[in-house]
Amino acid sequence: MKYLVVADIHSNLEAFQAVLDDVNENYGGFDHIWCLGDIVGYGPSPSQCIKLLHEFDYTCVCGNHDQAAVGKLDTSDFNADAASANEWTARQLSEDERQFLLDLPEVVIEGEFTIVHGSPRAPVWEYITSALSAAESFRHFDTKYCLVGHTHVPFVFEQDEVSVNEGYLGSGDMLVLGGNRLIINPGGVGQPRDRDPRASYAVYDSEKNIVYHYRVSYDVSATQEKMEEAGLPGFLISRLGWGV
Ligand code: ZN
């Protein structure tokens with residue numbers, strides 16, 4: 001079984017479609033999507049991204065932006081651009097799309113994987129950005145592996161007998177599972193923040209027991225034009241070009 005692992009699509013249809021095309025054309029396709037939350041927020045195509053996800057078998061948890069878009073989470077902690085994009089997103093959603101976001105769970109366990117948006121300790125909000133925060137997180141899930149998103153940066157944290165080690169995931173990197181416990185972040189599809197604007201994702205092959213990490217270019221300017229038309233904040237538009 002092959003799982004496509006995507007996080008932080010953020011209403012970016014061009015990036016999400018590019019990931020689907022890339023995995024189908026270059027890496028033998030997939031059977032199921034593991035979506036780590038923040039399908040909506042920031043970008044110009046929330047309904048289209050939700051619709052596209054529903055064309056596949058998927059498991060999806062909610063992110064902070066998914067909850068904010070349906071009023072389940074208050075946006076007082078959002079910066080001004082994120083809050084303004086959130087208000088715009090909320091106005092685009094149909095009743096069915098709202099219900100879909102409202103119903104998303106915060107934590108899902110599938111086999112050896114715990115799936116959350118932020119961290120196993122605080123699934124919707126906490127960012128795992130360092131070995132220190134990862135060390136704390138390892139105490140908060142029981143499976144061997146945990147998949148997280150939220151930081152929009154592809155990373156792996158590995159727990160051995162004495163410490164937690166961290167490593168950036170580059171395109172083409174692979175993690176052979178079976179040794180130590182891991183927390184894996186596939187990076188962001190729709191708004192990468194590691195100074196590489198390409199969409200970031202992972203594929204887990206359960207027969208080979210390997211997680212592969214990939215990047216793929218997409219038509220950033222097409223997304224940016226849609227954002228301009230929608231009147232979304234300028235910084236959210238320009239950051240896509242820089243990958244920040
Ligand atoms: Zn996000």
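Helices (H or I, at least four residues) and strands (E, at least two) are DSSP runs, numbered from the N terminus. This is a predicted model: local features need pLDDT of at least 70, side-chain atom pairs count only at pLDDT 80 or more, and totals for chains, interfaces and linings use all residues. Residues are numbered from 1 along each chain as its sequence is written, and side-chain values use heavy atoms, with hydrogens and water left out.

**View 1. Gln 191 sits in the loop between β10 (181-186) and β11 (199-205).** Gln 191 is buried, with a relative accessible area of 2%. Buried means under 20% relative accessible area, exposed over 50%, partly exposed in between (1.4 Å probe, protein chains only). The side chains of Gln 191 and Arg 193 are joined by a polar contact of 2.7 Å. A polar contact is a pair of N or O atoms within 3.5 Å; within protein, one must be able to donate a hydrogen and the other to accept it, and residues adjacent in sequence count only if both atoms are side-chain atoms. Leaving aside neighbours within four places in sequence, Gln 191 is in contact (heavy atoms within 4.5 Å) with Asp 8, Tyr 42, His 152, Leu 236, Arg 239 and Leu 240.

**View 2. Asp 8, His 10, Asp 38 and His 152 are the protein donors of the zinc ion.** Their donor atoms lie 2.1 to 2.4 Å from the zinc ion. Donors are N, O and S atoms within 2.8 Å of the metal (3.2 Å for Na, K and Ca); water is not among the atoms, so sites may look incomplete. Asp 8 counts as buried at 0% relative accessibility, and His 10 counts as buried at 1%. In sequence, the donor residues follow the spacing D-x1-H-x27-D-x113-H.

**View 3. Helix α8 (residues 234-242) has Leu 236, Ile 237, Arg 239 and Leu 240 buried.** Seen down the axis of α8, these buried residues fall within an arc of 165 degrees, so they line one face of the helix. The arc is that of the directions from the helix axis to the C-beta atoms. The buried residues of α8 pack against α4 (80-92) and α7 (220-230). Gly 243 follows α8, and its phi is positive, near 70 degrees.

**View 4. Val 6 is in contact with residues including Val 19, Ile 33 and Tyr 201.** Also on its list, which leaves aside neighbours within four places in sequence, are Trp 34, Cys 35, Leu 36 and Val 189.
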